[in-house]
Amino acid sequence: MEILKDHFDVIVIGSGPGGEGASIKLAKAGKSVAVVESYSLVGGGCTHWGTIPSKTLIHVIRQYSEQKKSRLFSRLYHNVKVTSDDLMAVVQDVVAQQVREREGFYERNDVVVIEGHARFVGPHTVEVTDEAGSPRPFTADYFVIATGSHPYRPEDVDFDNSRVVDSDTVLQMHELPATLTVYGAGVVGCEYASAFKDLGVKVNLVNTRERLLEYLDEEISNALSYHMRDEQGVLIRQNEEYQRVEVNKNGVVLHLKTGKVIKSDMLLWANGRTGNSAGLGLEALGVEIDHRGNLAVNEAYQTVLPHIYAVGDIVGFPNLASAAYDQGRFAGTHIAEGVCDERLVRNIPTGIYTTPEISCLGGTERELTEQRIPYEVGHSFFRNLARGQITAHKAGMLKLLFHRETLEILGIHCFGHNAAEILHIGQAIMAQPAPHNNIKYFINTTFNYPTMAEAYRVAALNGYNRL
Ligand SMILES: Cc1cc2nc3c(=O)[nH]c(=O)nc-3n(C[C@H](O)[C@H](O)[C@H](O)COP(=O)(O)OP(=O)(O)OC[C@H]3O[C@@H](n4cnc5c(N)ncnc54)[C@H](O)[C@@H]3O)c2cc1C
């Protein structure tokens, strides 16, 4: 569609959750808004390379693996083989639905979508270069940079070889490998290692840290290691660093600094991300970029130039789609109203879609002990719950940490089927002001039965009875 205007109240760069949150908020506040997107479709890395494709892939792989384990379906489908094309067809279907949804948001709110790569050529001007290479300047009173991030690629690793992939290019895989090495055991590395193992691929997971996802409560991180290693059969190497990567016609050889050598058909590099700040022309404006490619912002998401805001992965932590959307909305509110009193919630939940799924909120046992907070712990094991037994999702646990005197919930830690959903029940109570944030809520409430929500009653009683 031809773009008739050259000036907008606000130009947003990037159509991921950060850019979308800002654009829609601003459009609803009556501002004229354009969003510039360099990819041919809206939705951002979140829709095309990150959250949506990975979560879809993980979901269908889980379905496949659960059916293979099911007493009924394993008889019916015992020799069904799944190909990467089958998996990607499902991913593309969900991505297409998401793109249609998001296009509708922009259309309905009169946000102009400009396709091309944006670069600042002045404090109030961006030059947008389309696919044909033609540049066109656009001006605005305000800008929101929401350009996201990309996987970090060390120079000595040959990503031109199709045997070496990262979280973006893994989605272009045409053939499933028999063996896969995942380098980097952060959330993305653990999720993909676990998913490929569920598909029947032999997986090596190389962790550069001492234990998996160290920031989690130790019991949860240990449970993840146990299930990935002993139940799923992922070979985990902890505290290792690569020395070099060798690619030959038979596969990939990962040489570790400790002298170990790991051979596999394919290597998935999942070790860090860099903000998409290069080529934006920010240095000339005096906006500094740190060594991770991120931009510094104040509480209102303004860079050193108050009319240029930045949100989402480009500002670093927490690097989550959920937070990026909120940050975009907050920046939009600040531009439209001059103030924004809303802030990201202090406790941002973690959702990790491994097998088993993990979700956590608030303090860990280690943190509460360091802070000398007198807490008590209550556990509920999914294997003891009626719903867990009916659905055969018995591997899992809900753990509540609460203050011994005030009974305030201080931390919720969960692993097992649907942990990311289950967590939000506790979050709603934990977010209440005193005295309503109270473990007794779960004891005095009647839950649907049989449900996984019942885990809260069981864990609360387990902890309360220990006081
Ligand atoms: C494998 C994987 C799984 C993930 N899973 C989850 C999850 O389960 N839950 C969760 O909350 N988060 C998850 N994330 C993180 C989440 O995807 C990101 O935090 C989120 O996408 C960040 O949103 P954003 O708006 O900052 O940027 P993005 O979604 O990355 O969008 C940025 C957009 O800006 C465009 N762009 C960049 N530069 C320019 C330019 N100069 N001009 C024009 N356009 C430009 C890009 O093309 C892109 O479309 C995952 C990430 C990965 C990689």
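**Exercise 1. In which loop is Pro318 found?**

Before we start: this is a predicted model, where local features need pLDDT of at least 70, side-chain atom pairs count only at pLDDT 80 or more, and totals for chains, interfaces and linings use all residues. Residues are numbered from 1 along each chain as its sequence is written, and side-chain values use heavy atoms, with hydrogens and water left out.

*Solution.* 
- Step 1: Helices (H or I, at least four residues) and strands (E, at least two) are DSSP runs, numbered from the N terminus.
- Step 2: find the neighbours. Pro318 sits in the loop between strand 17 (308–310) and helix 8 (321–337).
- Step 3: look at the bond before it. Phe317 and Pro318 are joined by a cis peptide bond, with omega about 5°.
- Step 4: Pro356 belongs to the loop between strand 18 (350–352) and strand 19 (358–362).
- Step 5: Most peptide bonds are trans, and most residues other than glycine have a negative phi.

**Exercise 2. Describe how helix 6 and helix 7 pack.**

*Solution.* 
- Step 1: read off the geometry. Helix 6 (residues 187–198) and helix 7 (residues 218–232) pack at about 25°, and their axes are 11 Å apart. Axes here are lines fitted to C-alpha atoms, for helices over the stretch in contact, and angles run from 0 to 180 degrees between N-to-C directions.
- Step 2: name the arrangement. Angles under 35 degrees count as roughly parallel, over 145 as roughly antiparallel, 65 to 115 as roughly perpendicular and the rest as oblique. Helix 6 and helix 7 are therefore roughly parallel to each other.
- Step 3: list who touches whom, where contact means heavy atoms within 4.5 Å. Helix 6 brings Cys190, Ala193, Ser194, Lys197 and Asp198, and helix 7 brings Leu224, Met228 and Gln232.

**Exercise 3. How many of the 12 residues of helix 6 are buried?**

*Solution.* 
- Step 1: count. The number is 10 of the 12, so helix 6 is largely enclosed by the rest of the structure. Among them are Gly189, Tyr192 and Phe196.
- Step 2: find the cover. It includes helix 3 (51–69), strand 9 (179–183), strand 10 (202–206), helix 7, strand 15 (266–269) and strand 18.
- Step 3: see what follows. After helix 6 comes Gly200, with a positive phi near 100°.

**Exercise 4. Explore helix 8, using Ala331 as your guide.**

*Solution.* 
- Step 1: check the length. Helix 8 has 17 residues and reaches 24 Å from its first C-alpha to its last, close to the 24 Å expected. The expected span is 1.5 Å times one less than the number of residues.
- Step 2: see what it packs against. The buried residues of helix 8 pack against strand 1 (7–13), helix 1 (17–28), strand 6 (135–145) and strand 17.
- Step 3: zoom in. Ala331 lies in helix 8 and is buried, with a relative accessible area of 0%. Leaving aside neighbours within four places in sequence, Ala331 is in contact with Ala300, Tyr301, Tyr309 and Val311.
- Step 4: finish at the end. Gly338 follows helix 8, and its phi is positive, near 85°.

Terms used:
Buried means under 20% relative accessible area, exposed over 50%, partly exposed in between (1.4 Å probe, protein chains only).
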